[in-house]
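Subject: Structure for your review

Dear colleague,

Please find below the structure I am handing over to you, with its sequence.

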Amino acid sequence: VIVLISLSIFIFETFLTIKKQKKLNLVMTSVLISNISLFLGLLFGILMALGYAGTIQIDILSLLKAHIYLVLFGYVGITIMGMSLILLPMFWLSHSFSWKSVTYALWMISIGVLSVMFSAIFDNNLLEIGGYILSMVALMLYFYQVYIIYKTRVRLDNDIYLHSLIVSYSSLVLSLVLGVIYFIIPSQQLLLTIGWVLFFGYITFITVGHLYKIVPFLVWYQRFSPLIGKQKVPMLADMVPVRSAKFQFGFTLSGVVICGIGIFVGNDDIFKVGTSFLVVGTIFIIK
């Protein structure tokens, strides 16, 4: 209840902030939609908890589907979609590109999430299938928007940031393909593999990739920006530990792939080997 009240206050404050703006842009819209999705996801979570406790009689499995979709696609997906519209053009120095694809993608994935949510409430398979289709089309439009931003970039550096994004978006595409296969041939191990690829392939690499851009800038700004014009200061690119970043990328990617194979074939030994690679990769991130 406290979490819901806090989130409601945050959504209300976000709405007031947006209302003060003369023009509602795409990023503000994505923030508002993602937080509303999180609120609804938590609400469904509380209802499921009450159902498990026996306080109310509900179809827990149907609500679980809506809860996961609201949080995963509605909150995490739309948040990443909105934030990447700020970070990707900024880090790649992309200009003069169309926003139509991602605009359509934002509204389609929002409608898709609502469709899946209502399918759980009214037990309607057509709404569920329609929501899945809209979400898939929205993700394809988003991928196309990322491609447009990439093609219009001015900064052509082939750095760790680019490599991390390639792995990240490749993992997302792979998880979607495996998801389609899962609907045709349901398998518990395949479902676990999809979750692994999605969280540790997509979310991990997109997060770490942006850390290599954000953290060096913050350190440089705090430590060296007051010294500009007074003494020689390092360039922002010099703040990235290239050698450690390459080791981190290699070990983490190897760990994700090996663990994914171990999960898919159900072999604990393979999974443990992959985990050891991930531990080494994590050490290089900390370093």
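In this predicted model, helix 3 and helix 7 pack with their axes 12 Å apart and at an angle of about 30°. The crossing of helix 3 past helix 7 is left-handed. From helix 3, the residues that take part in the contact are Leu72, Val76, Ile80, Leu87, Leu88 and Phe91. Their counterparts in helix 7 are Leu198, Phe199, Tyr202, Ile203, Ile206, His210, Lys213 and Ile214. By class, the residues of this contact of helix 3 with helix 7 comprise 12 nonpolar, 1 polar and 1 charged.

Helix 7, which spans residues 188–223, also packs against helix 8, residues 242–265. Here the axes lie 8 Å apart and the angle is about 170°. Angles over 145 degrees count as roughly antiparallel, and helix 7 and helix 8 are therefore roughly antiparallel to each other. The contact of helix 7 with helix 8 involves 15 nonpolar and 8 polar residues, and no charged ones.

A further packed pair is formed by helix 2 (residues 26–53) and helix 4 (residues 100–122), at an angle of about 15° and with axes 11 Å apart. Since angles under 35 degrees count as roughly parallel, helix 2 and helix 4 are roughly parallel to each other. Helix 2 and helix 4 make a left-handed crossing. On the helix 2 side, Leu26, Thr29, Ser30, Ile33, Leu40 and Phe44 are in contact with helix 4.

I turn now to the pocket. The largest pocket holds about 1,000 Å³ of space, and its lining consists of 31 residues. Which residues lie nearest the centre of the largest pocket? They are Tyr69, Leu72, Phe73, Phe183 and Ile194. Leu72 also belongs to the contact of helix 3 with helix 7 described above. Two or more lining residues come from each of helix 3 (60–92), helix 5 (125–151), helix 6 (160–184) and helix 7. The most are given by helix 3, which supplies 10 residues to the lining. In terms of class, the lining of the largest pocket is made up of 25 nonpolar, 5 polar and 1 charged residues.

With kind regards

Methods:
Residues numbered from 1 in each chain as written. Predicted model: local features only at pLDDT ≥ 70, side-chain atom pairs only at ≥ 80, totals over all residues. Heavy atoms only, no water. Axes fitted to C-alpha atoms, helices over the stretch in contact; angles between N-to-C directions. Helix = DSSP H or I, 4+ residues; strand = E, 2+ residues; numbered from the N terminus. Parallel < 35°, antiparallel > 145°, perpendicular 65-115°, else oblique. Nonpolar A, V, L, I, M, F, W, Y, C, P; charged D, E, K, R; others polar. 1 Å grid on protein atoms, 1.4 Å probe; cavity = no way out; pocket = protein on both sides within 12 Å on 5 of 7 lines; lining within 4 Å. Points joined across faces, edges and corners; volume = space filled by probe spheres on them. Left-handed = near helix turned anticlockwise from the far one by under 90°. Contact = heavy atoms within 4.5 Å.
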